[in-house]
Amino acid sequence: MKIKAILFGSIGTLVETSDIQRESFNSAFEITGLNWNWGENEYRELLKKSGGARRIKEYGDKENILIDGKKIRDLKTKIFNEYLNKNNLQPREGVLDIIKFAKKNKLKLGFVSSTTKNNINSIFNSVKKTINQKEFDFIGNNEMVLREKPYPDIYEYSLQFLNIEANECLAIEDTEESLKSAIEANIKCIAFPGKYHIENKFKGSYKLVNKLSSDLFN
């Protein structure tokens, strides 16, 4: 298909960080004196609802404990970013091929995330040996929009910034929540499930794949 841009969506489309995030939550719980430890199966269930602060508060409600979800979420984010800034991570399978394909064919590259600048800077720092942040023509963050994903705002912002139409690009997302954001912006989206989302159906996706390849754009 003829397109002008490829839009990577969330952090998880570039790097698999699911277990790093889970362990960061567990570290935050330990520091704040909570006897909680989210295992893989439990975390998979918890991820069905978006929003770390809300997830923590609702978990506390079930345990009959009054929790400041935002405070613990912010501590988790600090731990997560410290880990990323100290460690070099490898991009997910096919990511580098897609970036090379885009550059070879003069396609614009976007990173259409609605997370914080700190998270984004940490991610790019963790992959600096393999991915150059300057290769992206657009990098989003939560300060650009009033509503974060699954609302379409950040995708709509990226289209305006890159001066392209929705039918002139393809998005890549790793969760169903973020997939909704692209679909609501009328952008075809390739589902590239992260570790804890492999079992999801990704209804409405253009294609569902377990690795990325430039063949997806031919």
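Student: Which residues of α4 meet α6, and what makes that a contact?

Tutor: Thr77, Phe80, Asn81, Leu84 and Asn85 in α4 meet Asn118, Asn119, Ser122, Ile123, Asn125 and Ser126 in α6. Contact means heavy atoms within 4.5 Å. This is a predicted model, in which local features need pLDDT of at least 70, side-chain atom pairs count only at pLDDT 80 or more, and totals for chains, interfaces and linings use all residues. Residues are numbered from 1 along each chain as its sequence is written, and side-chain values use heavy atoms, with hydrogens and water left out.

Student: Why is α4 called roughly parallel to α6?

Tutor: The axes of helix α4 (residues 69-86) and helix α6 (residues 117-126) come within 8 Å and cross at roughly 25 degrees. Angles under 35 degrees count as roughly parallel, over 145 as roughly antiparallel, 65 to 115 as roughly perpendicular and the rest as oblique, so α4 is roughly parallel to α6.

Student: How do you know that strand β4 is mostly covered?

Tutor: Buried means under 20% relative accessible area, exposed over 50%, and partly exposed in between, with a 1.4 Å probe and protein chains only. In β4 (residues 169-173), 5 of its 5 residues are buried. Cys169, Ala171 and Glu173 lie on one side, Leu170 and Ile172 on the other.

Student: What makes β1 and β4 a pair?

Tutor: Two strands pair if DSSP finds at least two bridges between them. Strand β1 (residues 5-8) is joined to β4 by 4 bridges, and the two run parallel, so they pair by that rule. Ala5 has Cys169 as its bridge partner in β4.

Definitions and conventions:
Axes are lines fitted to C-alpha atoms, for helices over the stretch in contact, and angles run from 0 to 180 degrees between N-to-C directions.
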